[in-house]
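Here is a short report for you to read alongside the sequence and the model. Keep the viewer open and follow each element as it comes up.

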There are 2 protein chains.
Amino acid sequence: MKLQKITDSGKRRYDDACGTAHALDLIGERWALLVMRELMLGPKRFGDLRSDLPGISANVLTQRLEGLESAGLLVKRRLPPPASTQVYELTAWGYEAEPIVQSLGKWAARSPAHDPTLPISATSIMLSLRTMFDPARAEGFRARIGFRLGSESFVASIGEGRFESGRGETAGTDAVFTGTPPGLAAAVYGGQPFEALEDAGILKVEGDLVMARRFTTLFPLPSKVKAP
Amino acid sequence: MKLQKITDSGKRRYDDACGTAHALDLIGERWALLVMRELMLGPKRFGDLRSDLPGISANVLTQRLEGLESAGLLVKRRLPPPASTQVYELTAWGYEAEPIVQSLGKWAARSPAHDPTLPISATSIMLSLRTMFDPARAEGFRARIGFRLGSESFVASIGEGRFESGRGETAGTDAVFTGTPPGLAAAVYGGQPFEALEDAGILKVEGDLVMARRFTTLFPLPSKVKAP
DNA sequence: CGGCATCCGGGAAGATACTG
DNA sequence: CAGTATCTTCCCGGATGCCG
């Protein structure tokens, strides 16, 4: 026997006027916010999303993309020929969800249960730099830093106490980090010296090494909560 | 045949070092963040949580409270006699999740699908005032406002462009709003005149009505995204 | 290969009843 | 009032297969 409220149009929602609850109606399903995170730095194809989200299955990814599209958070777009592949791109409102991703990330950085050895995507690590940047530590520092993580390239600019970043070519930057996302994480958050990381084969640093070293000090982690 | 990663200890987690993903491991389950929201303004009993969260079932609430407690986000505490009832209270780290609740609420306020006519708890509406407060609109304004919503009382203080609020008695405030959470929402976000709300029997305003009216103008809603 | 539809097993959520 | 027990429903995850 099927009993459900007549207003229920199939979806499971919170019946709550609170904005927070409505946000969870929109992006509270499993994987939804991580799909948004992966698109925060620009559009991606289905397969790239899938490989950047360890563990998501194809049908769930399809469902989330449908849901987020019908909510107005992303659009399915076909690139112009000859590269006429399909990509998923956040709408303006979808990009406005970045503070959500950031507040979650900043908050969870204090968790005693956080395991930094798990895999991490290039988009995640680049976004985390935005989140953890400390303007006070960048006093009088001005630099453009390039990143080559797998097949993706990013550029970050520091100046006037501000941090800006996005996809972009590394040409003309002061220093370039080349390697894996965990390698970059180890340099920035793990305080690992460049030599150790190069020896481990997970990160190479070229260009102005002094600037590069200074760069890695701009992203302090908050103190951990003592384990319960 | 049962195939699962050995690291899986029963729980369904994202295997992702990203802080955002870890936050979702902690508070990403259904209802979890709304339980946190209801505790943001102070401890509550099981039954109060249940009645303030429309639709949650007792067993799910039990599971979430267990999960949040073992994550170190709340503690189960027994009030001293004679009122020796049990309450749930956020830990310091739990309270630090407020920016998450706020960023979600602020973001979702732009949603075209948001339905403000749904029920809303006293805690939700009081938290939303913190979220939506606009310091620029409070230039030169100084007031203490009381709220009596159902059986709960709150006090908000505006001054120096800051907004502070919490549970508290309404004695000595400049004006007092008495009524239902939707009534207060209609006054602040719906721009309804006090008379209409009093006639509807959902809100009564006492004290300095000019201050009370000014108060209701300090919480502008962002513009809606056009429906998809 | 990219993008889906479909089927199935397990488990989480929902509803209700029950107990101290 | 504060949960527990049980049953049902539905979502998630994995596998497979279709179609361009």
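## A buried loop residue

Thr91(A) counts as buried because its relative accessibility is 19%; buried means under 20% relative accessible area, exposed over 50%, and partly exposed in between, with a 1.4 Å probe and protein chains only. You will find Thr91(A) in the loop between β2 (86-90) and α5 (92-95) of chain A. Helices (H or I, at least four residues) and strands (E, at least two) are DSSP runs, numbered from the N terminus. Leaving aside residues up to four places away in sequence, Thr91(A) touches Gly72(A), Leu73(A), Leu74(A) and Val75(A), where contact means heavy atoms within 4.5 Å.

## About the model

This is a predicted model, in which local features need pLDDT of at least 70 and side-chain atom pairs count only at pLDDT 80 or more, while totals for chains, interfaces and linings use all residues. Residues are numbered from 1 along each chain as its sequence is written, chains are lettered from A and ligands numbered from 1 in the order in which they are written, and side-chain values use heavy atoms, with hydrogens and water left out.

## Chain A at a glance

Chain A has 10 helices and 7 strands. Along the principal axes, its C-alpha atoms fill a box of roughly 70 × 55 × 35 Å. Of the 228 residues in chain A, 48% are buried. Among its contacts between residues at least 6 apart in sequence, 59% join residues at least 24 apart.

## How the two chains are related

Helix α6 (residues 98-108) of chain A and helix α1 (residues 19-27) of chain B have axes that come within 7 Å and cross at roughly 80°. Axes here are lines fitted to C-alpha atoms, for helices over the stretch in contact, and angles run from 0 to 180 degrees between N-to-C directions. The two helices, α6(A) and α1(B), are therefore roughly perpendicular to each other; angles under 35 degrees count as roughly parallel, over 145 as roughly antiparallel, 65 to 115 as roughly perpendicular and the rest as oblique.

On the α6(A) side, Val101(A), Leu104(A), Gly105(A), Trp107(A) and Ala108(A) meet residues of α1(B), including His22(B), Leu24(B) and Ile27(B). Since 8 of its 11 residues are buried, α6(A) is largely enclosed by the rest of the structure. Its buried residues include Glu98(A), Ile100(A) and Ser103(A).

## Another enclosed helix

Helix α8 (residues 181-188) of chain A is also largely enclosed by the rest of the structure, because 7 of its 8 residues are buried. Among the buried ones in α8(A) are Pro181(A), Gly183(A) and Val188(A). The cover over these residues includes α7 (122-132), β3 (143-149), β6 (175-179), α9 (194-199) and β7 (203-207) of chain A.

## Strand pairing

Strand β3 (residues 143-149) of chain B is mostly covered, with 5 of its 7 residues buried. β3(B) pairs with β4 (residues 152-159) of chain B in the antiparallel sense over 7 bridges, and with β6 (residues 175-179) of chain B in the parallel sense over 5 bridges. Two strands pair if DSSP finds at least two bridges between them. Gly146(B) has Val155(B) as its bridge partner in β4(B) and Val176(B) as its bridge partner in β6(B). The hairpin of β3(B) and β4(B) has 2 residues between the strands, and Gly150(B) takes a positive phi near 60° there.

In chain A, β4 (residues 152-159) and β5 (residues 162-167) pair in the antiparallel sense over 6 bridges. Ala156(A) has Ser165(A) as its bridge partner in β5(A). β4(A) and β5(A) form a hairpin with 2 residues between them, and Glu160(A) in the turn has a positive phi of about 55°.
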